[in-house]
Amino acid sequence: MKYFPCLLCVSLLFAVSVAAAEETAPEIIMDPSGYSNSEPEFVAAPDLIANTNEQRQQYPLNRIVAIVNNDVILSSELQDAMDEIVRQLNEKGTPVPEQAVLVKQVLERLVLDSLQLQIANDNGITVSDSVLNSEIQDLARENSVSLTEFRDVLERDGYPYSKFRENLRKQLIINQVRRQMVASRIQVTDQEVDNLLATLKASGQSDIEYHLSHILVAIPEAASPGEIQAAEQRADNILVRLRNGANFSEIAISESDGQTALEGGDIGWRSLGQIPSLFLDSVKTMQVNDVSDLIRSSGGFHIIKLLGKRGDERHLVEQTLARHILLKPDTVNTDEEVLVRIQQLEIRLRGGEDFATLARSNSQDTLSAAKGGSLGWLNKGDTVPEFEDALEALEPGEISKPVKTQFGWHLVQVQERRTHDSTEDYERSKVKNLIRSRKYDEELFLWLRRLRDESYVEYKIDEL
C-alpha cells in the first residue's frame, strides 16, 4: 500500500503529487555565506543510554545528536527515523545494516532535511492545512480507500495520524524548496529533444527502459590526490565484494553515499534518455544482473547494476473531433439571459441551420468561431469535466443540450471519433520529461552536496 510517504524516502518525491493544488512558494534568497559560523546554544543532555534488551540503543528524548546551523536534531527524531527505515527494510526482506552504519545514513538524511527546512523557514515557505488535506485525500483515493479507512490503516500499523500529517507537510515543503532552488532553473530546448530522439532512434532502443541500482563512493569538492586515491580504493574493494557474490542492495545500504542508499541503491526504471550520460556506455552493453566497472565522475566513483529491462508499446489515444458555440454572461447579460439566448440557438440548429455559420456569427470563443466553432481533435482530459461529460454522451453528428461550465454556456457537437496513434507526440513529450528529470537528478545532487558543505554541522554522538 502506498500510504506511507516517509520523510526520509527519496522515492517519495515522485509518490507525492507536487502537481496538486498548492500554494506558490515565495522566491528564495539565500544568505551568500550559506552557513553560520557561530555554534548555537543548546541545553546539555544526559549521555546515551544503552538498552541491553534490544540490539539498538534507545536515546533519551532530550539528547541532542546533531547541530545543523541554527537547528538541532534530537535523539527522539533519530530513533523515529531509524525505526521507520528498519520497518521498510523488513517489509522488503532486506537485511538491516549494523547499528553504526544505520545511524550514519539516517542522521545524514535528517541533516539534509533540516537544512532544506531552514531555507523554507527563512523564506516563508509553508504548506497550509487545506493543501495538506488535499494531498492526503489524493493518497487515500490512489489506494482506493476512504479518508477514514486510510487513517485507520495508519493507526493500526502504529503510525499516529498526527505524526503522518506533519511528516507529509515537511516533505511537501522540501519539495517546494527543491523546485525553486533546482527544478525551476532547469531548461530543456527543442534541440536537446531532437538530438536525443535522433540518438535513441539510431540506437534502435528508444522504447527500452532499464531498472538500475546504484552505489556511490563520494569525494569532496576540491579533494586532494590522497582523498581521491582513498575513495577509489574503497570503491575497488566494494566492487571486489560484489564480484564475489555480495548482495548489491546490502552493500548499497551500508556503503553508498548516494541519495538512494537506504533503498538499496534502487533508482527505478529509466529510459536511455533519463540515464545520466556517464552511465550510458555501460548500460548499453550490460545484461540483466550485470554489475558495471567503476565509473568516475566529479562527484566520486559509481557502480551500477542492471536489475531489469523492458520495452514500451505503441501509444494509442481515443480522440474526438468537436465544435461548439459559447455565450458568456457579463455585466450587461445575466446568466439567465445568456441561457435563453443559447436555447434559442439550439432551436435554430435543430431546425436545420448550419452549425458553422451560427458559430461564426454568435460564438464568443473568438478563436474557434473563426473556424466555424471547431475545436479540432481533442484527447481525453483536454477540456473541463462538464464539457468532457457532454462530449462523452454524444454520438457523431449529435448536438448537446446547453452545457454550463466556468466559461459560460455551450452548445456542443461531436463530428467524428477516432483511435489515433500519438506515439510520436508521446515519445517527444516523454523524452523532454526524461531530459528534465535527468538534469534535475544531477543538479539536485550537486546542490545538496554544496548546501551540506557550506553549512555548520556538528555530530554529538559517539557512534559517528
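Residues are numbered from 1 along each chain as its sequence is written, and side-chain values use heavy atoms, with hydrogens and water left out. Because the model is predicted, local features need pLDDT of at least 70 and side-chain atom pairs count only at pLDDT 80 or more, while totals for chains, interfaces and linings use all residues.

**The whole chain**

Start with the chain in cartoon view, where the secondary structure comes to 15 helices and eleven strands; helices (H or I, at least four residues) and strands (E, at least two) are DSSP runs, numbered from the N terminus. Of its 464 residues, 45% count as buried, where buried means under 20% relative accessible area, exposed over 50%, and partly exposed in between, with a 1.4 Å probe and protein chains only. If you show the surface, the chain exposes about 24,100 Å², and carbon and sulfur atoms supply 49% of this area, as given by the Shrake-Rupley method with a 1.4 Å probe, with only the protein chains shown counting as cover for residues. Among contacts (heavy atoms within 4.5 Å) between residues at least 6 apart in sequence, 72% join residues at least 24 apart.

Next select residues 64–68, which are strand 1. Five of the five residues of this strand are buried, so strand 1 is largely enclosed by the rest of the structure. A66 stands opposite I73 in strand 2, and the two strands form a hairpin with two residues between them, where N69 in the turn has a positive phi of about 50°.

Then bring in strand 11 (residues 457–459), which pairs with strand 1 in the antiparallel sense over three bridges, with E458 in strand 11 as the bridge partner of I67. Together the three strands form an open antiparallel sheet in the order 2-1-11. Strand 2 and strand 11 stand at the edges with a single partner strand each, so one side of each is left without a neighbour in the sheet. Neighbouring strands here are turned by 20° against each other on average, direction ignored; such angles run from 0 to 180 degrees between N-to-C directions, and axes are lines fitted to C-alpha atoms, for helices over the stretch in contact. Helix 2 lies across strand 1 and strand 2, running at about 55° to strand 2.

While you are here, select R63, in the loop between helix 1 (12–15) and strand 1. R63 is buried, with a relative accessible area of 12%, and its C-alpha atom is separated by 8.7 Å from that of I73, ten residues apart along the chain.

**The nonpolar cores**

In soluble globular proteins, nonpolar side chains tend to be buried together. A nonpolar core is here a set of buried Ala, Val, Leu, Ile, Met, Phe, Trp, Tyr and Cys residues joined through side-chain atoms within 4.5 Å. To view the largest one, which has 46 residues, select those with the most contacts inside it: I73, L78, V106, L107, F164 and W447. Among the elements that give two or more residues to this core are strand 1, helix 2 (75–92), helix 3 (99–122) and helix 15 (423–453), and the largest share, ten residues, comes from helix 3. A second, separate core of 20 residues includes L200, I208, L212 and L306.

Now move to an open sheet of four strands in the order 4-3-6-5, with antiparallel pairing. Its edge strands are strand 4 (266–271) and strand 5 (295–297), each pairing on one side only, and neighbouring strands are turned by 40° against each other on average, direction ignored. Strand 3 (residues 208–218) and strand 6 (residues 300–311) pair over eleven bridges, and I303 in strand 6 is the bridge partner of I215. Helix 8 (residues 225–243) packs on the sheet, touching strand 3, strand 5 and strand 6, and its direction makes about 35° with that of strand 6.

**A last stop at L278**

Finally, select L278 in helix 10 (residues 277–285), which is partly exposed, with a relative accessible area of 33%. Not counting residues up to four places away in sequence, L278 touches I295, R296, S297 and H302.

Note on methods: Pairing = 2+ DSSP bridges.
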